[in-house]
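Take a moment to look over the sequence and the fold below.

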Amino acid sequence: MINPDQKQMFDVLALQRKNQQRVDRILKIVLPVMAFLISVICANLNWQSTLGTFLVLGIAFYAVGIRRLNLSLWLGLVALYCLVDIYFTYQGNLPLPAIGRQMGTMLTFTGIVGLGRPYLDSWLMRNT
């Protein structure tokens, strides 16, 4: 037998789950578009870098924005990818402008997506 307090808590949890699923559906459309736009802006000047940057950003955005995995881990993986990409693009050099452009942009937006997701959920719960 479920008492009224438990029923109310289950109703609130069901509403929260429904709202999170709604946000997930929206983010599954928005995050790949955002990853594509950022990869065109901050990738190095070859198609391999653009494709790799798009894939890494898409996976990182999905991991921290939808699956809510560890943000620190994904920031580290993105930073590692950036260093490897810059190293191979510039034939063994690591120029600071390239690091600042690519790594700075990718880490900033990955952090925004990872830190912003809880705020999206709470904002949607207040508005319903």
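What follows is a short walk through helices, a core, a loop residue and a set of charged pairs.

This is a predicted model, in which local features need pLDDT of at least 70, side-chain atom pairs count only at pLDDT 80 or more, and totals for chains, interfaces and linings use all residues. Residues are numbered from 1 along each chain as its sequence is written, and side-chain values use heavy atoms, with hydrogens and water left out.

Begin with helix H1 (4-42). Helices here are DSSP runs (H or I, at least four residues), numbered from the N terminus. H1 has 39 residues, and its end C-alpha atoms are 54 Å apart. That agrees with the 57 Å it should span at 1.5 Å a residue. The expected span is 1.5 Å times one less than the number of residues. H1 is also kinked by about 30 degrees, centred on Leu27. The bend at a residue is the angle between axes fitted to the seven residues ending there and the seven starting there.

At the start of H1, a side-chain oxygen of Asn3 comes to within 3.2 Å of the backbone nitrogen of Asp5. Which residues of H1 are buried? They are Asn19, Gln20, Val23, Asp24, Leu27, Leu31, Ala35, Ile38, Ser39 and Cys42. Buried means under 20% relative accessible area, exposed means over 50%, and partly exposed is in between (1.4 Å probe, protein chains only). The cover over these residues includes H2 and helix H4 (96-127).

Now turn to the core. The largest nonpolar core has 25 residues. Such a core is a set of buried Ala, Val, Leu, Ile, Met, Phe, Trp, Tyr and Cys residues joined through side-chain atoms within 4.5 Å. Leu31, Leu57, Phe61, Cys82 and Met106 have the most contacts inside it. H1, H2, helix H3 (71-89) and H4 each give two or more residues to this core. H3 provides the largest share, seven residues. Leaving out residues up to four places away in sequence, Met106 touches Cys42, Thr53, Val56, Leu57, Val78, Tyr81 and Cys82. Contact means heavy atoms within 4.5 Å.

Next comes the loop between H1 and helix H2 (47-66), where Asn44 lies. Is Asn44 buried or exposed? Asn44 counts as buried, because its relative accessibility is 2%. Its side chain makes a polar contact with the side chain of Asp85, at 3.2 Å. Another of 3.2 Å joins the side chains of Asn44 and Gln102. A polar contact is a pair of N or O atoms within 3.5 Å; within protein, one must be able to donate a hydrogen and the other to accept it, and residues adjacent in sequence count only if both atoms are side-chain atoms.

Last, the charges. The structure holds four salt bridges. Each is a side-chain nitrogen of Lys or Arg within 4 Å of a carboxyl oxygen of Asp or Glu. Asp11 and Lys7 meet in one (3.3 Å, N to O). Both lie in H1, four residues apart, about one turn of the helix. Asp11 counts as partly exposed because its relative accessibility is 43%.

Arg117 forms a salt bridge with Asp24, with the closest N and O atoms 2.7 Å apart. This pair links distant parts of the chain: Arg117 is in H4 and Asp24 in H1, 93 residues apart. Arg117 is buried, at 1% relative accessibility. Asp24 is buried too, at 13%. Arg117 also meets Asp121 in a salt bridge (3.0 Å, N to O). Asp24, Arg68, Arg117 and Asp121 are linked in a network of salt bridges.
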